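Me: I want to go through this model and ask what backs each label. Please put the values next to the cut-offs.

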Amino acid sequence: MSSGIARYSKVDLLCLDEFGYLNLDKKGAKLLFQIFTEREECKATAVATNSPFAE
């Protein structure tokens, strides 16, 4: 696990705000998925955006 992923895996609550404005390339999407996977079932993650759900 990379140090960046480990850092985000340690916090009790990870808040991602304005998530809809983020354009991810394939590598970025893979890293984000790894963070979500590391946090799954053991830590809380909140994602917020003002973008419509369809976007």
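**Labels and their grounds**

Reply: The largest nonpolar core has five residues: Ile5, Leu14, Leu16, Leu32 and Ile35. This is a predicted model. Strand S1 (13-16) and H2 each give two or more residues to this core.

Me: What makes Ile5, Leu14, Leu16, Leu32 and Ile35 a nonpolar core?

Reply: Two conditions apply: the residues must be buried, and they must be joined through side-chain atoms within 4.5 Å. Buried means under 20% relative accessible area. The five residues make up such a core. In soluble globular proteins, nonpolar side chains tend to be buried together.

Me: Which residues does Ile35 touch, leaving out those up to four places away in sequence?

Reply: Ile35 touches Ile5, Tyr8 and Leu14.

Me: What makes up the contact of H1 with H2?

Reply: From H1 come Ile5, Tyr8 and Ser9. They meet Leu31, Gln34, Ile35, Glu38 and Arg39 in H2. By class, the contact has four nonpolar, two polar and two charged residues.

Me: Why does Glu40 count as exposed?

Reply: Exposed means over 50% relative accessible area. Glu40 has 52% relative accessibility, so Glu40 counts as exposed. Glu40 lies in the loop between H2 and strand S2 (44-47).

Me: How far apart are the C-alpha atoms of Glu40 and Ser9?

Reply: They are separated by 9.5 Å. Along the chain, Glu40 and Ser9 are 31 residues apart.

Me: How do you know the order of elements, and how many helices and strands are there?

Reply: The protein has two helices and two strands. From the N terminus on, they run α-β-α-β.

Me: What share of the residues counts as buried, and what does the C-alpha trace span?

Reply: Of the 55 residues, 16% count as buried. The C-alpha trace spans about 30 × 25 × 15 Å along its principal axes.

Me: Among contacts between residues at least 6 apart in sequence, what share joins residues at least 24 apart?

Reply: The share is 79%.

Note on methods. Residues are numbered from 1 along each chain as its sequence is written. This is a predicted model: local features need pLDDT of at least 70, side-chain atom pairs count only at pLDDT 80 or more; totals for chains, interfaces and linings use all residues. Side-chain values use heavy atoms; hydrogens and water are left out. Contact means heavy atoms within 4.5 Å. Helices (H or I, at least four residues) and strands (E, at least two) are DSSP runs, numbered from the N terminus. Ala, Val, Leu, Ile, Met, Phe, Trp, Tyr, Cys and Pro count as nonpolar, Asp, Glu, Lys and Arg as charged, and the others, Gly among them, as polar. Buried means under 20% relative accessible area, exposed over 50%, partly exposed in between (1.4 Å probe, protein chains only).
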